[in-house]
Amino acid sequence: MSECTVKDQLTSAMKEAMRNREKARLGTIRMALAELKRIEVDEKSLDDTRALAALDKMAKQRRDAITQFESAGRTDLAEQEQFELTVIQDFLPEPLSSEDIDQIVRDAIARSGAEGMKDMGKVMGLVKPQVQGRADMAQISQSVKKLLG
């Protein structure tokens with residue numbers, strides 16, 4: 001079983017954070033590595049696609065928490081979540097633009113032969129692996145609905 005490059009990047013960033021005594025960054029990186037290790041143990045393997053999916057999920061959780069903390073007036077907790085989100089995003093690929101997303105969705109619609117909303121699942125199945133970690137799935141879903149509707 002080969003090491004995945006995302007995990008390697010996190011491991012080297014952890015070592016660097018330790019050397020630089022960046023306690024908060026180190027904690028976030030260790031949390032991400034622990035999640036990847038859990039997946040590796042549970043699923044017996046970990047490739048880059050799965051690692052990116054896990055990091056993407058962690059980023060989404062942080063965004064949701066930021067929204068909840070801000071609406072509850074807990075700016076201190078929102079700032080902590082924002083810091084963690086920033087660290088996690090360092091290991092995710094560059095986000096896709098709306099135009100890029102629409103193009104990927106158009107290509108998937110053409111490949112799948114989708115003709116309407118009933119084919120949304122088919123299109124989403126083709127799009128998801130291409131955008132994992134690079135776009136919010138809610139945004140992808142909106143694009144698919146817009147282009148199929």
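The model is a predicted one, so local features are taken only where pLDDT is at least 70 and side-chain atom pairs only at pLDDT 80 or more, while totals for chains, interfaces and linings use all residues. Residues are numbered from 1 along each chain as its sequence is written, and side-chain values rest on heavy atoms, with hydrogens and water left out.

The overall picture is helical. The chain has seven helices and zero strands, and its elements run α-α-α-α-α-α-α from the N terminus. Helices here are DSSP runs of H or I with at least four residues, strands are runs of E with at least two, and numbering starts at the N terminus. The C-alpha trace spans about 55 × 45 × 25 Å along its principal axes. Of the 149 residues, 40% count as buried (buried is under 20% relative accessible area, exposed is over 50%, and partly exposed is in between, with a 1.4 Å probe and protein chains only). Among contacts with a separation of 6 or more, 58% come from residues 24 or more positions apart; contact means heavy atoms within 4.5 Å.

Next comes the packing of one helix pair. Two packed helices are described by the angle between their axes and the distance between the axes. Helix α1 (residues 5–19) packs on helix α3 (residues 48–71) at an angle of about 55°, with the axes 8 Å apart. That makes α1 oblique to α3. Axes are lines fitted to C-alpha atoms, for helices over the stretch in contact, and angles between N-to-C directions run from 0 to 180 degrees; under 35 degrees is roughly parallel, over 145 roughly antiparallel, 65 to 115 roughly perpendicular, and the rest oblique. On the α1 side, Thr-5, Val-6 and Leu-10 meet Asp-48, Ala-51, Leu-52 and Leu-55 of α3. The residues of this contact divide into five nonpolar, one polar and one charged (Ala, Val, Leu, Ile, Met, Phe, Trp, Tyr, Cys and Pro count as nonpolar, Asp, Glu, Lys and Arg as charged, and the others, Gly among them, as polar).

In soluble globular proteins, nonpolar side chains tend to be buried together. The largest nonpolar core in this chain has 24 residues, and Leu-10, Ile-29, Leu-55 and Phe-91 have the most contacts inside it. A nonpolar core is a set of buried Ala, Val, Leu, Ile, Met, Phe, Trp, Tyr and Cys residues joined through side-chain atoms within 4.5 Å. Helices α1, α2 (23–43), α3 and α4 (75–89) are the elements that give two or more residues to this core, and α3 gives the most, with seven. Phe-91 touches Gln-9, Leu-10, Ala-13, Arg-25, Ile-29, Leu-52 and Leu-55, not counting residues up to four places away in sequence. A second, separate core of 16 residues includes Leu-96, Ala-114, Val-123 and Val-144.

Ala-59 sits in helix α3 and is buried, at 0% relative accessibility. Beyond four places in sequence, Ala-59 touches Leu-85, Ile-88 and Leu-92. Ser-143 belongs to helix α7 (residues 137–148) and is buried too, at 5%; leaving aside neighbours within four places, Ser-143 is in contact with Ile-101, Asp-102 and Val-105. Gly-133, in the loop between α6 and α7, is buried at 7%. Gly-133 and Thr-49 are 84 residues apart in sequence and 8.6 Å apart in space, C-alpha to C-alpha.

Other loop residues are exposed. Lys-118, in the loop between α5 (98–112) and α6 (120–131), has 69% relative accessibility and counts as exposed. Most residues other than glycine have a negative phi. Arg-21, in the loop between α1 and α2, has a positive phi near 55° and is exposed at 72%. Lys-44, in the loop between α2 and α3, has a positive phi near 70° and is exposed at 65%.
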